[in-house]
Amino acid sequence: RDMLFAKRPAQSPYSFVGNSPIMNQEIDGNDYEVTFNKSEKGNTVTIKATVYTDVKGSDSHKEAKNATEFWNSQNGKFKYQVNEADGSVTEYDVVFELDVKEVSNESKKYGAVEGAKNDAFSDKKGNSLSVLEDKDIEGGGFGATSHGEFSEIAKSRTGTDTPAHETGHFLNLGHFPEGVMKEIDKAGTITRESVVTKENVQQIIDYAIGKTEGHESTAPKGAK
């Protein structure tokens with residue numbers, strides 16, 4: 001079943017590429033892309049996603065920039081190995097390329113929050129992040145991500161790792177026992193370290209290439 005069926009309610013979640021394989025392509029089935037590149041300068045596997053948000057200078061834009069910069073700062077820390085069909089192993093450097101875009105002029109008519117969602121909805125690797133008053137966060141938590149792509153951050157959590165945590169959900173990450181994807185509580189009895197783990201990287205890439213023949217993944221190596 002298509003994990004993003006909520007984005008296209010008029011289509012069956014079990015249909016492939018909108019029942020039009022000539023016109024459409026299936027890249028990874030999620031709101032991010034993973035591409036492999038081999039070259040003489042070195043092999044890379046690149047994780048790409050776009051975060052739509054309010055205009056520059058707003059709390060939402062600042063937090064979106066901080067969150068994407070956190071993930072992009074992981075470049076050079078992880079390697080990913082692929083077992084090839086001939087029995088050889090190819091190693092790739094993991095590269096994050098997450099970028100931030102302001103809500104488009106066309107979507108501004110819906111307001112900053114809904115406008116960013118509208119832009120994300122139209123982009124195959126698009127997501128949205130907005131800072132809201134604490135009382136407006138779904139479930140009353142620090143933050144919430146719906147449909148794996150629309151994130152809301154409590155205003156009291158600006159300047160913390162909550163935006164980076166919610167951005168991890170864009171990359172198909174659930175909650176983990178350690179690191180930035182660990183779930184914490186308002187009482188402060190459960191804390192976390194703002195670090196990306198090799199298990200996080202493993203899941204991001206594995207999920208995206210799970211339908212690609214000829215690739216078998218192994219755990220990424222730790223930080224250099």
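Strands here are DSSP runs of E with at least two residues, numbered from the N terminus. The views below come from a predicted model.

View 1. Strand E3 covers residues 79–83 and pairs with E4 in the antiparallel sense. Five bridges join the two strands. Lysine 79 has its bridge partner in E4: aspartate 93.

**View 2. Strand E4 beside strand E2.** E4 spans residues 89–102, and E2 spans residues 44–53. The two strands pair in the parallel sense. Their pairing runs over ten bridges. Isoleucine 47 is bridged to phenylalanine 96 of E4. In a regular strand, side chains alternate between the two faces of the sheet.

**View 3. Helix H1 packed with helix H3.** Two packed helices are described by the angle between their axes and the distance between the axes. H1 is formed by residues 59–72 and H3 by residues 162–170. They pack at an angle of about 65 degrees, and their axes are 8 Å apart. H1 is therefore roughly perpendicular to H3, as angles of 65 to 115 degrees count as such. The crossing of H1 past H3 is right-handed.

**View 4. Residues at the contact of H1 with H3.** From H1 come Glu63, Ala67, Phe70 and Trp71. H3 supplies Pro163, Ala164, Thr167 and Gly168. Five of the contact residues are nonpolar, two are polar and one is charged.

How values were computed
Residues numbered from 1 in each chain as written. Predicted model: local features only at pLDDT ≥ 70, side-chain atom pairs only at ≥ 80, totals over all residues. Heavy atoms only, no water. Pairing = 2+ DSSP bridges. Helix = DSSP H or I, 4+ residues; strand = E, 2+ residues; numbered from the N terminus. Axes fitted to C-alpha atoms, helices over the stretch in contact; angles between N-to-C directions. Parallel < 35°, antiparallel > 145°, perpendicular 65-115°, else oblique. Left-handed = near helix turned anticlockwise from the far one by under 90°. Contact = heavy atoms within 4.5 Å. Nonpolar A, V, L, I, M, F, W, Y, C, P; charged D, E, K, R; others polar.
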